[in-house]
Amino acid sequence: MKGKEMKFAKLLSIMLLGIMLVSSVSFGQSIPSGTARYEALGYNPFIKDASIDINRNPSWSTVYRNYAFGDIGRDAVGNDQYQLTEQWAGINFGVSKDVSLGLVLNKFEDNWTDFTNYGNNVYGVNRPVVPLKVLFGWQMSPKFALGVAPYYAGWSNEFDSTGQNHKWSSMSLGGTVGVLGKLEGGWIEGAIDLKINKYKYERTIVATNNIDENEGGMQMDVFTRAFFTVNKNLGVNLVPYLGFGMYSWNPTSTPLVAGGYSKFSHLNFMGGLGLNMPVLDNGLLAGGLSVGYHQVENKYDATSYTYTYSEFVLPQFNLGIEWPFTDWLTGRAGYSRSVISSKSNVESAGNTYYWKSTGVSDSKQTITVGFGLDFNRFNLSGTVGEKLFKDGFYIMTGKTNEMFGVISASYYFGK
């Protein structure tokens with residue numbers, strides 16, 4: 001797997017080099033976007049970002065046409081210093097005046113990791129690999145756009161020998177439907193994402209057949225947001241948003257194991273209100289407050305055992321500022337922190353107990369910093385690794401530190 005990652009990184013580097021060479025002889029304006037920009041600006045839900053917006057709501061593909069975008073990768077902490085993770089790439093074409101088509105490759109948008117992190121055994125079944133998302137956008141009228149983005153990822157493995165056969169498989173299938181409407185003095189968007197996550201482990205040993213799989217496996221996310229201009233002269237926008245998400249896993253088997261299995265589910269609400277406005281000539285200031293509720297439940301009927309973890313987020317602060325140092329260098333800084341009231345509750349036969357606590361979110365990512373490099377139509381963005389501030393540059397300290405925690409790239413090749 002490591003060799004494949006290195007090959008992908010080398011191929012992406014060659015592509016980026018070619019883009020930079022082309023951009024040096026072309027004229028146009030870059031459109032900075034990506035995970036690096038989003039995180040550097042404080043994980044900010046009150047900003048517009050082409051990469052984040054297209055992936056969350058495909059109707060934005062009608063706005064960002066003829067655009068390539070993606071993440072070169074995230075520094076893999078504790079692993080080989082040259083290894084990057086979470087690499088993906090996307091491209092979107094304007095194929096006619098009103099229609100756009102595109103692809104996003106290798107961007108995971110399923111909840112497999114959350115499921116396995118809570119101790120669920122999937123019998124050696126791996127997460128679906130090489131996810132593929134197709135982008136389709138249609139500008140139905142000057143004020144209304146529709147977007148659809150089917151999504152698929154799959155994995156399988158088989159072992160066969162005398163007297164026994166084993167088959168493993170997993171799949172995520174679904175997609176996103178989104179709309180974007182222009183209003184007098186602003187716009188409003190909405191998107192619904194639905195996916196079915198399935199796994200199956202089928203084995204035949206000496207003519208005895210057993211199957212382990214899951215029922216349901218549905219995940220759903222709903223998101224809506226608006227920009228309302230409240231001061232046209234200053235460019236001040238009021239930004240409300242609301243998000244809802246849920247998913248569940250229900251393992252089962254054939255024949256059914258005595259006592260059954262644990263059932264796992266997750267629920268999430270988040271909403272907030274903020275401001276987005278220009279500052280420092282061509283700079284950006286965005287921030288606001290959010291509230292939310294999260295719940296995780298693990299239920300095992302055989303022993304009447306139910307574990308529930310819930311938390312109220314009240315409030316969450318997000319603040320980000322972006323400003324150009326020069327025509328080719330942009331600085332970014334962000335702040336993100338939450339006040340969380342949580343409760344863990346356990347109910348079992350003849351016994352019930354719980355824990356309560358109030359605290360704040362992890363301080364490791366409270367303050368974030370990043371840069372953007374612009375070469376005409378090409379943009380390279382990164383977050384600055386925290387160890388760089390602590391230990392300094394190698395040329396001064398002799399310590400090897402990552403310059404960037406996450407690196408994103410984009411290229412606008414429209415007219």
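How many aromatic pairs does a search of the whole structure find? The exercises below start from this question.

The model is predicted, so local features need pLDDT of at least 70 and side-chain atom pairs count only at pLDDT 80 or more, while totals for chains, interfaces and linings use all residues. Residues are numbered from 1 along each chain as its sequence is written, and side-chain values use heavy atoms, with hydrogens and water left out.

**Exercise 1. Aromatic pairs**

Count the aromatic pairs, then classify the pair Trp60 and Tyr64.

Step 1. Rings of Phe, Tyr and Trp (its six-membered ring) pair if their centres lie within 6.5 Å; planes under 30 degrees apart count as stacked, over 60 as edge-to-face and the rest as tilted. The search of the whole structure finds 22 aromatic pairs.

Step 2. Between Trp60 and Tyr64 the ring centres are 6.0 Å apart and the planes lie at 25°, so this pair is stacked.

Step 3. For Tyr64 and Tyr67 the centres are 6.2 Å apart and the planes stand at 40°, so the pair is tilted.

Step 4. Buried means under 20% relative accessible area, exposed over 50%, and partly exposed in between (1.4 Å probe, protein chains only). Trp60 has 4% relative accessibility and therefore counts as buried; Tyr64, at 12%, counts as buried. Tyr67 is buried as well.

Step 5. Ring pairs join Trp60, Tyr64 and Tyr67 with Phe69, Trp88, Trp187 and Phe227 in a cluster.

**Exercise 2. Charges over rings**

Find the ring that Lys195 lies over, and the ring below the charged end of Lys343.

Step 1. A charge sits over a ring if NZ of Lys or CZ of Arg is within 6 Å of the ring centre and within 35 degrees of the ring normal.

Step 2. Lys195 lies over the face of Tyr151, 4.6 Å from the ring centre. The charged end of Lys343 is over the ring of Tyr354, at 4.9 Å from its centre.

**Exercise 3. Salt bridges**

Trace the salt-bridge partners of Arg225.

Step 1. A salt bridge is a side-chain nitrogen of Lys or Arg within 4 Å of a carboxyl oxygen of Asp or Glu. The structure holds 16 of them.

Step 2. Arg225 bridges to Asp53, with the closest N and O atoms 3.1 Å apart. Helices (H or I, at least four residues) and strands (E, at least two) are DSSP runs, numbered from the N terminus. Arg225 is in strand β10 (residues 218-231) and Asp53 in helix α3 (residues 50-56), 172 residues apart.

Step 3. Arg225 also meets Glu189 in a salt bridge (2.9 Å, N to O). Glu189 lies in strand β8 (residues 186-205) and Arg225 in strand β10, so the pair ties together parts 36 residues apart in sequence.

Step 4. Both Arg225 and Asp53 are buried. The relative accessible area of Arg225 is 1%, and Glu189 is buried at 3%.

**Exercise 4. Further salt bridges**

Step 1. Asp212 and Arg203 are buried.
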